[in-house]
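This report describes aromatic ring pairs and nonpolar cores. The sequence and structure come next.

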Amino acid sequence: MQVIQLNIYPLKSARGIPLPAASIDARGLGGDRRMMLTGPDGHFVTQRELPELARLTALPASSHLMLRLDDGREMMVAPPHPDRRMDVAVWKSIVSAAVADESVNARLSEWFGRELKLVFFDGAAHRTASAEWAGPETPVAFADGYQVLVTTTGSLRALNADMETHGEGTVGMERFRPNIVVDCDEAWAEDGWTAIEIAGLRLDLVKPCSRCVITTQDQQTGSREGASPMPAMGRLRMSADRRVPGPLFGWNAVPRGDGKIALGDAVTVVDTRPEGWAIKQR
């Protein structure tokens, strides 16, 4: 098995950026989900309620951030002042984040037709993943809950095969917004992996990922009019464990060290979960 895709999402819920290689530390892939949009109350905003975020690309550079819509509108954003802060919410987590200049927020609000603020997970921000699943004090930025999302090609093939059998078309891996995609022939093999190793770095697969409406959206346009993997996930991947309800695809992983990984790196299973994960039988 090997790494076949690496992706980061610098701005939570905006377009992904494929990479040939990536640094990785306790927070996950370098630059992943370090920025986020919120409403005026600080509650996080994603494609769930604003599908048009799929049209936005965030390109960080050393001295600025470039934000670009697919219609050609763009703006350069200076680093935020560290003293300009607000408390923001990602699910039940409250994080002190740096806030972009009001001119930036006004322009974003104009682009998307609702009041928005751009916030940054900077050096003064602090958040940890669930200790129940990830262990104590594992740092995470603005991801939904965990540091890295791992998916496999074998599982996508199985999902698409079921979709085609039912006349539902097919979808690409981008619908699931993974960080690391492993080329693996066996469908759902990841259910049996407790830990993998890539380039000498251990990643513990701690919790399967329950999926939401974002998987039904085209990741270039935000449209929900095309093929949807939800019915197939309902047939194949409904969790039978009440701790993680709903349809499952991919696993949340926690890095246990620092390093660098690249496309083509070998993926080795170093610890297994023989019982797998309980899936409802049709």
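## Aromatic pairs and cores

W133, W251 and W277 are linked into a cluster by ring pairs. Rings of Phe, Tyr and Trp (its six-membered ring) pair if their centres lie within 6.5 Å; planes under 30 degrees apart are stacked, over 60 edge-to-face, and the rest tilted. The model is predicted: local features need pLDDT of at least 70, side-chain atom pairs count only at pLDDT 80 or more, and totals for chains, interfaces and linings use all residues. Residues are numbered from 1 along each chain as its sequence is written, and side-chain values use heavy atoms, leaving out hydrogens and water.

By the ring rule there are six aromatic pairs.

| Pair | Centre distance | Plane angle |
|---|---|---|
| F44 and W91 | 5.0 Å | 65° |
| F121 and F142 | 5.3 Å | 85° |

F44 is buried at 4% relative accessible area, whereas W91, at 48%, is partly exposed. Buried means under 20% relative accessible area, exposed over 50%, and partly exposed in between (1.4 Å probe, protein chains only). Both F121 and F142 are buried.

The largest nonpolar core has 35 residues, of which L29, V148, I180, I198 and L203 touch the most other members. Such a core is a set of buried Ala, Val, Leu, Ile, Met, Phe, Trp, Tyr and Cys residues joined through side-chain atoms within 4.5 Å. Apart from this core lies another, of 23 residues, including L11, M35, V104 and L118. Leaving aside residues up to four places away in sequence, L203 touches I24, V148, I180, T194, A195, I196, I198, A253, V254 and P255, where contact means heavy atoms within 4.5 Å.
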